[in-house]
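Q: Please take a close look at a single part of this structure and describe it for a reader who is new to it.
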Amino acid sequence: MTDLTAGAQSVDDVRDGYVAMTRRKRVYGGILLILFVALMAAGFRTADRRNAGSFTDGLHRVLDYPAEVLSEAWDKIADMPANLVTYFPALVETLNIAAAATLVGTLAGAFLALVSTRGLAPWPRLIPLFRRLADICRAVPEIVIALVLIFVLGGGPVPAMIAIAIHTAGALGKLFSEVNENASLKPVEGLQSVGATWTQRMVLGVIPQVGPNYVSYALLRFEINIRASAILGFVGAGGLGYELRNAMSWGQGRYDDAAAIFLLLFATIVIVDQISGSVRTHLTEGTQKGTAA
Amino acid sequence: MTTFATDRPHGALKAGADRLFARKRIISLALPGLVLVYLTYVFFAFDMPGLAGRANWENGRTLISDSFSYKTHVTRDNRTGAVSVAIEGERKGAYPEGQAPDWVTLGDTTVIDLEGGHVVRFGPETVEYDIPGYGTVRATPSRSTGVQAELPSNAVPEWISLSRNRLAITTDAGRLTVTRNRAEVFRYFTGWELFWFTLDSPYHGKSFAQLAGLAASGQAGAIFNDFWTNKMWRHQDVAWAIFETILMAFLGTFGAALIALPLAFVATRNFNPVRSARFMARRVFDFLRGVDGLIWTVVLARAFGPGPLTGALAILVTDTGTFGKIFSEALENVDQKQIEGVQSTGANAPQKYRFGVIPQITPVLLSQVLYFLESNTRSATVIGAITGGGIGLLLTQAIITQKDWEEVAYYIVLVILMVMLMDWFSGWLRRRLIQGGPPKARKPRDPQAKPLMLP
């Protein structure tokens, strides 16, 4: 209830309050800004000090290496098609690692999401457990699992695949469970009323609702996983990254190989990004049409 | 097609429905089938059947047991007769001359009690090992005749390996190796020994209550110093490495955001009418994103050398492309009405941007940047392993030694905690800055909302 007797006074109060609030907000904003700038500057200086080469020295050398690589590759441009063919199998391996890891990770992530969503979980008491499990899977950097597995299983694509799949399962588990929370429970209840098992309820009642979103996120993950798979190759897991490290350790004289690998990786990432981007737009627009109708 | 025309016979309708179902069934079977076919192909492409042969399960066992246990070496040099005791056999973990844990009795005959009746005696000439249920094994090493061993029975059990110059006995209680030059006993313990203090610290072996008492009496600084400079676990270096990793992520993410924001204005249709500049800016973003972080890392490491700055710059360059794309998409979706409203009050161009545009895009931008901050903490670990900086470097170094698995386990735990902490922190900051208050109950998400581009 508004106190009518205080009406005249309240206008001034409101104005003063507003001015005070704006001022306070400005002060807070200013302090935050100063703090942020100071943190950035101090952080940059610390990083610069602890680095082997300093920023100012390195800056004019940034382009030296690409220039060397490119000029040598240009001199041997005739070898380029042959080099591309040589490294194509490595590219296929990198793509296979990413694709298999995305597939396995998506399946595991979908399961993790279903058992950790309220209303869908078959064992509601275990929801926190599965959530923490997904958090941990998400938090472990791929390289940690990959390096440990390389020690046990030997170098090759399998450790990288397992490592990326674990991380993917955690990351997608979280995203999928957010998608699941928006899914309607009515089909699930309907299926339950006719005696469907949990698997049937999920496959027939939930997956059709969330499928397009799942696929969209999984495609996004595939893009990320290609990059991850190239990086893991660099630490010994096979594929393009591994070839890149070898070509680089040969140094000058083999820069045309490095250039071919750079080119393959760049082209693959751009092409996959384009395709998956257009598929994802199609998927999200498709679902929007579906919900609007 | 909503009317069910009555002139069509039921049979035809049913047949049509059946056909539809059949097709759906085939499609819904074909998809898992394709996945299965692909996985089978990968199974053979990755040579999974040969994996069992290549895998080294012995390594796996060492890895797991070593990550939560440690061993103490008791070594006798057969030439001088000197006995030394060292944790993990490392100089950093060696007991001072003439000192030993209570299960080792030093003397003319050193008696090592491995518990459960297992006793090893390093005599002046002969090494004896009492094994319950088996008997006493005697071994006499000499420089001329190698190792002469006497077993209680003629048959050599599989846990004893015996050759002319070497005797090795592995039991549940420990392990004894006798060679010509030395005799060595390993005893295994659970835990991370010397985690707090090394043996040369006066605080080693004190209980927590004792330490608290000492700290209260003014030794807190010395206690912390001994812990901080622990040579075995290098807490100081580890803390710096974690800090470096977070620093890389912080500098890279926010630096990229600061660079990408003005560029994003150039790349949007509604703020930049110059078509060619727009095109250029977009191609720059595509190029930065397309040249993978790995390539940037390699190129930048050449120019700047190993260290946190290189990692920060690699993250910065890659994310500038990503942020540019996200920000320009967000800018294209701003509501023109608010800008017009600000303009109608007589605002000039900077004011128009400051009060008309920035408030609209801040929540989207900030939440994206904070998402990336968390993800980049993980990337910084990986980049650190390649360029050499931060916890990634320590981790790879520890893995390369192939024996410090307890340190590897420690680093992994720290990395997981670090990433989870950053996840929590960025989520907290996101809620504080965007909603401007304590976390509220979760709102159901707008189903029409475009999914965020997540790292």
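How many bridges pair strand S10 of chain B with strand S11 of chain B, and in which sense, parallel or antiparallel?

A: Some conventions come first. The model is predicted, so local features need pLDDT of at least 70 and side-chain atom pairs count only at pLDDT 80 or more, while totals for chains, interfaces and linings use all residues. Residues are numbered from 1 along each chain as its sequence is written, and chains are lettered from A and ligands numbered from 1 in the order in which they are written.

Strand S10 (residues 166–170) and strand S11 (residues 175–179) of chain B are joined by five bridges and pair in the antiparallel sense. Strands are DSSP runs of E with at least two residues, numbered from the N terminus, and two of them pair if DSSP finds at least two bridges between them. Within this pair, Ala168(B) faces Thr177(B) of S11(B) as its opposite residue.

Both strands belong to an open sheet of six strands in chain B, whose order is S2-S1-S12-S11-S10-S9, with antiparallel pairing. Its edges are S2 and strand S9 (160–163) of chain B, each of which pairs on one side only. On average, neighbouring strands of the sheet are turned by 10° against each other, direction ignored; the axes are lines fitted to C-alpha atoms, and angles run from 0 to 180 degrees between N-to-C directions.

Elsewhere in the sheet, S1 (residues 69–77) and S2 (residues 83–87) of chain B run antiparallel and are joined by five bridges. In this pair, Thr72(B) is opposite Ile87(B) of S2(B). S1(B) and S2(B) form a hairpin with five residues between them, and Gly81(B) in its turn has a positive phi of about 80°.

Definitions and conventions:
Helix = DSSP H or I, 4+ residues; strand = E, 2+ residues; numbered from the N terminus.
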